[in-house]
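Hi,

Here is the structure we talked about. Please load it and read the notes below alongside it.

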Number of protein chains: 2
Amino acid sequence: MFEQLGLIGCGLMGGSFALALKRAKLVKRVVGYSKSPSTTERARQLGVIDVAAPSALLAVSGADLVLIAVPVAASEATFKAIRHGISADTLVMDVGSTKGDVIEAARRGLQDQFSSFVPAHPIAGKEVAGIEHADAGLFTRRQIVLTPVKATLRSNVQRATQIWTAVGGHVLTMTPEAHDSAFAAVSHLPHLLAFAFINAIAGQPQGASFLALAGSGFRDFSRIAAGDPTLWRDVLLANREQVLRQSQAFRKELLQFEALIASGDGQALERAIDNASRTRGRWQPAAPPSSD
Amino acid sequence: MFEQLGLIGCGLMGGSFALALKRAKLVKRVVGYSKSPSTTERARQLGVIDVAAPSALLAVSGADLVLIAVPVAASEATFKAIRHGISADTLVMDVGSTKGDVIEAARRGLQDQFSSFVPAHPIAGKEVAGIEHADAGLFTRRQIVLTPVKATLRSNVQRATQIWTAVGGHVLTMTPEAHDSAFAAVSHLPHLLAFAFINAIAGQPQGASFLALAGSGFRDFSRIAAGDPTLWRDVLLANREQVLRQSQAFRKELLQFEALIASGDGQALERAIDNASRTRGRWQPAAPPSSD
């Protein structure tokens, strides 16, 4: 049981973490802070946080658990702002979709408190953002990736594992590098492709009439294109090297498909599609998705 | 009320059409034929068809309504096989995802009976194929695109509209060219991208471990990659000109995204994502998807 969660960023992820902790009876008091005072106030009104703090530093003062749930580009400023409120006993975590850049931001921002920080990425979310959608069940049966580094306190990694397990997550641990290359492939690349796909269609003179005919295949394929622009700008830039590498590998594969189509090589085209179809048919989510 | 539906191709689409017609009490008898005798027999055992015919010609003999529900590449041979069983009173339809090529196949195959043919594309389907998944509700609230040409009998277009409306569909009519360019953009292109995406990931040394980490965004984005290889080979080849045009437009857009990421131009990147996010956020399926 923690005495106080200091929550920086009262959005979907931060709010859901606070609610999940409360439901699991893991925390006595949640003190929250968001850049926008009206968001912080709304979180308090909704009962997601108990106390609205006027600054990030005040939100973490006295907290034995801190969650940073801000856009990844705001990580360093946030770590700097809270540094003097962190003690050797505090467990600090984040929820960022990229890990290498957040770890560097934490190293610079937290300085001698860096060992308290356990980098975390819950593979969970919704297409809708904001505290109104916070959900105590958001992490149920979802994968939670922790990417501790050499300096990270082992005891904090253990505590982090216990917390995420208690709110229903499946915890796995890997290096930040392995995390960032894997998620460039299975998360950042599909988002990039979905954004480019929608803009490529919408940019055509008949784009609107094309879109009016789209069915359920389009609906599912393009769902992630509705993602939050600020969040995804930050993710694509933070992990740019791996994202560009994946995008290039994808374009190479697409060109091979185009060549098979242009040459009318039905046999090779069917083999290529069959390969994709079998791979996708075999795929199972590591943790069964929740019903959101 | 039709006396007899001659069904060529007892798969998901053909079987669903037969069941939907029966449920709407639009047909007295369904005579079915599939290339594989065991499929035809299975359709009879399941009650989807009433009589198993030993040939396509025998399935359409005496039928006042014919549905061709075979892979688009098999269209011409099918039209040729049934030509002598078609009379001036028969309404012939197909369910192919491409229209220009099927119309040419019908022109060559049906010859003087070509005017009986109403090209149709129900925007409906499931990831699973086969007669076992046939579903009388498959067309409920789905769009049904008819692409009649000059020679098509107006009375048959009217009858086709009545049938599809009676089984729950929303009928719209357009030229085959408009159909093929629109579906290249909103259906064939996303399938192509999903196939290339899966193969690009799976082809990497760490591909399997990457895929094991994928979440719900990946799940939805890549669902259509599990599509039927023969069907999609045929569609991509049949509509190759429009598909290649769309793929090239997509690659151009993707390269622009890559340039923004590589140069670190956060403002322009956010604008581009915002554009995609708003477009996708506003999008509504023309007909609300059914619950499959």
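Below are notes on one strand and its neighbours, then on the contact between the chains.

Keep in mind that this is a predicted model.

**Strand β8 of chain A**

Start with β8(A), residues 143-146. Both of its faces are covered. Q143(A) and V145(A) are buried on one side. I144(A) and L146(A) are buried on the other.

β8(A) has a partner in strand β7 of chain A, residues 120-122. That pairing is antiparallel and has three bridges. Within it, L146(A) sits opposite A120(A).

Strand β9 of chain A, residues 170-173, also pairs with β8(A). Here the strands run parallel, joined by four bridges. V145(A) faces L172(A) of β9(A) across this pairing. To get from β8(A) to β9(A), the chain passes through helix α6 of chain A, residues 154-166.

**Contact between chains A and B**

How many residues does each chain bring to the contact? Chain A gives 75 residues and chain B gives 75 residues.

On the chain A side, several helices supply at least two residues each. They are α7 (176-202), α8 (207-211), α9 (216-222), α10 (229-238), α11 (240-263) and α12 (266-282). The largest share comes from α7(A), with 17 residues.

What is the make-up of the side of chain A that touches chain B? It has 45 nonpolar, 19 polar and 11 charged residues.

Best wishes

Note on methods. Residues are numbered from 1 along each chain as its sequence is written. Chains are lettered from A and ligands numbered from 1 in the order in which they are written. This is a predicted model: local features need pLDDT of at least 70, side-chain atom pairs count only at pLDDT 80 or more; totals for chains, interfaces and linings use all residues. A residue is buried if 20 or more other C-beta atoms lie within 10 Å of its own, exposed if 12 or fewer, and partly exposed in between; C-beta atoms are placed from the backbone. Two strands pair if DSSP finds at least two bridges between them. A crossover is right-handed if, with the strands pointing away from the viewer, the path from the first strand over the helix to the second runs clockwise. Two residues are in contact if their C-beta atoms, placed from the backbone, lie within 7 Å. Ala, Val, Leu, Ile, Met, Phe, Trp, Tyr, Cys and Pro count as nonpolar, Asp, Glu, Lys and Arg as charged, and the others, Gly among them, as polar.
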